[in-house]
Each structure stands twice: as structure tokens, then as C-alpha cells.
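Hi everyone, thanks for coming along. I'd like to walk you through one model this morning, so let me put it up on the screen.

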Amino acid sequence: MSYKVTEDGNISTVYLNGEIDMDVTEKAKEVILPIVETGKEVHLNLKDVSYMDSSGISVLIESHQKALENNTKVVVKEVSKSVLKVIMMAKLEQILNLE
Amino acid sequence: MNIEESKDFLVSTASLKEVRVFSREVFEKLKLEQDLKDELVLAIAEAAQNIVKHGYKDIENTNDRMEIKISLKDGDLEIGFFDKGKPVIPENIQHRKLDDIKPGGLGTFFIKQIMDDAVFKKDQQKWVNHLVLTKKI
């Protein structure tokens with residue numbers, strides 16, 4: 001997994017790339033959660049994430065919940081078809097902010 | 001097409017990608033639809049992850065290996081997982097309720113959603129746990 005972060009005003013966009021599994025979840029959390037804790041709105045762009053398992057889903061849930069604690073939000077953007085299927089299997093499409 | 005292939009992997013999170021590559025290669029030979037291939041690869045990866053995460057909980061840097069065997073015979077897909085981790089007590093395995101939104105606990109739910117059946121068999125001398133996932137395809 002690789003990533004890139006861009007800033008635009010109060011919005012930070014994290015572009016994740018590759019496959020998100022248990023082996024990289026800590027790295028993903030280390031990137032995302034500190035930004036969320038600053039209170040910034042975080043956009044997670046998943047267009048280049050080709051695979052995500054339950055560990056990756058946990059990162060999305062934890063990021064979402066951390067955002068609520070910090071009175072901000074995480075928006076999950078440009079989800080690939082295969083990742084969307086996993087999100088829907090977990091019945092999280094109504095919980096996460098998907099765009 | 002009937003097929004039987006197996007491969008062993010070091011019990012480690014770093015092996016999960018290798019598990020997916022192996023699974024995709026096998027399913028590619030079977031010429032399954034992409035959606036079904038994706039689901040099956042996810043189920044296999046989740047089961048392998050459970051071995052690393054739960055079977056070897058609190059055990060770091062093991063040299064143990066786990067084996068995955070994929071076989072298809074007359075439309076019956078069977079995926080076997082063999083490991084030497086902590087003995088699994090099937091009655092203790094349960095996924096979290098979906099409306100209890102929190103990180104974790106989804107892997108077993110995914111497996112049950114994708115596969116027709118998941119059973120732990122006690123038929124191995126060499127291994128501690130033998131999980132068998134089956135699906136009619």
C-alpha cells in the first residue's frame with residue numbers, strides 16, 4: 001500500500017493505493033487517524049484501492065468513529081467496484097459517508 | 001473442470017498477499033466470473049487472516065506454516081485450511097452483530113456470506129486445525 005496526502009483549506013485528502021489488508025492496516029491508521037484528530041475533514045480517495053478485506057473495513061469504521069468524536073467527518077470517495085461490494089457486504093453503505 | 005492445488009505459507013500477515021495471489025491463480029484456471037473470484041479470494045484471505053490473528057494470537061515471528069488446498073470436483077468447491085495454531089473451539093466463533101458498528105469481527109461474517117458451509121474437521125494428525133469451506137459453483 002502506498003499513499004499521498006493533499007491539503008485544500010480545511011480538507012485533507014488521503015489517496016490510498018494498492019491492497020488494504022491486515023498487513024497494512026496499522027500503516028493506514030497511522031496516516032489517517034492523526035489527521036482526523038486535528039479536526040480536519042478527511043476525504044479518503046479509494047479509486048486506486050483494488051482490494052480491501054475486513055481489516056480495511058475496520059480502518060474505515062475507526063476513521064469514521066474518530067471523526068465523530070472530533071466533530072468532523074470522513075468522506076469515502078471514488079470507491080472501486082470491488083471495494084464497494086465489501087462495504088455493502090458489511091452493510092456500511094448507509095453508515096459511512098460515501099461519495 | 002476439476003482441479004486440486006495446494007500451497008503452504010509462513011503464518012504471517014506478510015503472507016496474506018501471497019495467499020491472494022495463489023487463490024487468484026487457481027481461480028483464473030477455473031475461468032470463474034470476476035465477481036465470484038473476488039468473493040472467493042476474500043473468503044480465503046479472511047480465513048487465512050483468522051489463522052494469523054487468532055490461531056497465533058500473542059505469538060510473534062513463528063516459523064510455522066499453514067497450508068491451503070483448493071479443489072473443485074464436479075462443481076463442488078472445497079477449500080481446506082491446515083494450521084498448527086491454538087486449537088479452535090468452533091462453538092466460540094461468532095461474528096459481531098452488524099448493527100453493532102465497531103472495528104473488527106467481520107471476517108467470519110464475510111466467510112459465511114460467501115461460502116455455503118464452513119466446518120472444522122478433526123481428521124488430521126499432522127495439523128491442529130483443519131477448516132473446510134465449501135461452495136457449489
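Let's begin with helix 2 of chain B, residues 34-55, and bear in mind that this is a predicted model.

How many residues of helix 2 of chain B are buried? The count is 16 of the 22, so this helix is largely enclosed by the rest of the structure. For chain B as a whole, buried residues make up 31% of the 137 residues.

Now, what packs against it? Let me bring in helix 1 of chain B, residues 16-29. As a reminder, a pair of packed helices is described by the distance between the axes and the angle between them. Here the axes of helix 1 and helix 2 of chain B come within 9 Å and cross at roughly 145°. The crossing of these two helices of chain B is right-handed. On the helix 1 side, the contact is made by Leu16(B), Val19(B), Arg20(B), Ser23(B), Arg24(B) and Phe27(B). Facing them from helix 2 of chain B are Lys37(B), Leu40(B), Val41(B), Ile44(B), Ala45(B), Ala48(B) and Gln49(B). Sorted by class, this helix-helix contact has 8 nonpolar, 2 polar and 3 charged residues.

Let's zoom out to the whole of chain B. There are 3 helices and 5 strands in chain B, and from the N terminus on, the elements run β-α-α-β-β-α-β-β. The radius of gyration of chain B is 15 Å, close to the 14 Å from the globule rule for 137 residues, so chain B is as compact as a globular protein of that length. If you like to picture a box, the C-alpha atoms of chain B fill one of roughly 40 × 40 × 30 Å along the principal axes. And of the contacts in chain B with a separation of 6 or more, 65% come from residues 24 or more positions apart.

Last stop: the contact between the two chains. Chain A brings 18 residues to it and chain B brings 19 residues. On the side of chain A that touches chain B, helix 2 (54-69) and helix 3 (81-89) of chain A each supply at least two residues. Which of the elements of chain A gives the most to that side? That would be helix 2 of chain A, with 6 residues. By class, the side of chain A that touches chain B has 7 nonpolar, 4 polar and 7 charged residues.

That's my tour, and I'm happy to take questions.

Technical notes:
Residues numbered from 1 in each chain as written. Chains lettered and ligands numbered in written order. Predicted model: local features only at pLDDT ≥ 70, side-chain atom pairs only at ≥ 80, totals over all residues. Contact = placed C-beta atoms within 7 Å. Helix = DSSP H or I, 4+ residues; strand = E, 2+ residues; numbered from the N terminus. Nonpolar A, V, L, I, M, F, W, Y, C, P; charged D, E, K, R; others polar. Expected span 1.5 Å × (residues − 1). Buried ≥ 20, exposed ≤ 12 C-beta atoms within 10 Å, placed from the backbone. Rg over C-alpha atoms; globule rule 2.2 N^0.38 Å. Axes fitted to C-alpha atoms, helices over the stretch in contact; angles between N-to-C directions. Left-handed = near helix turned anticlockwise from the far one by under 90°.
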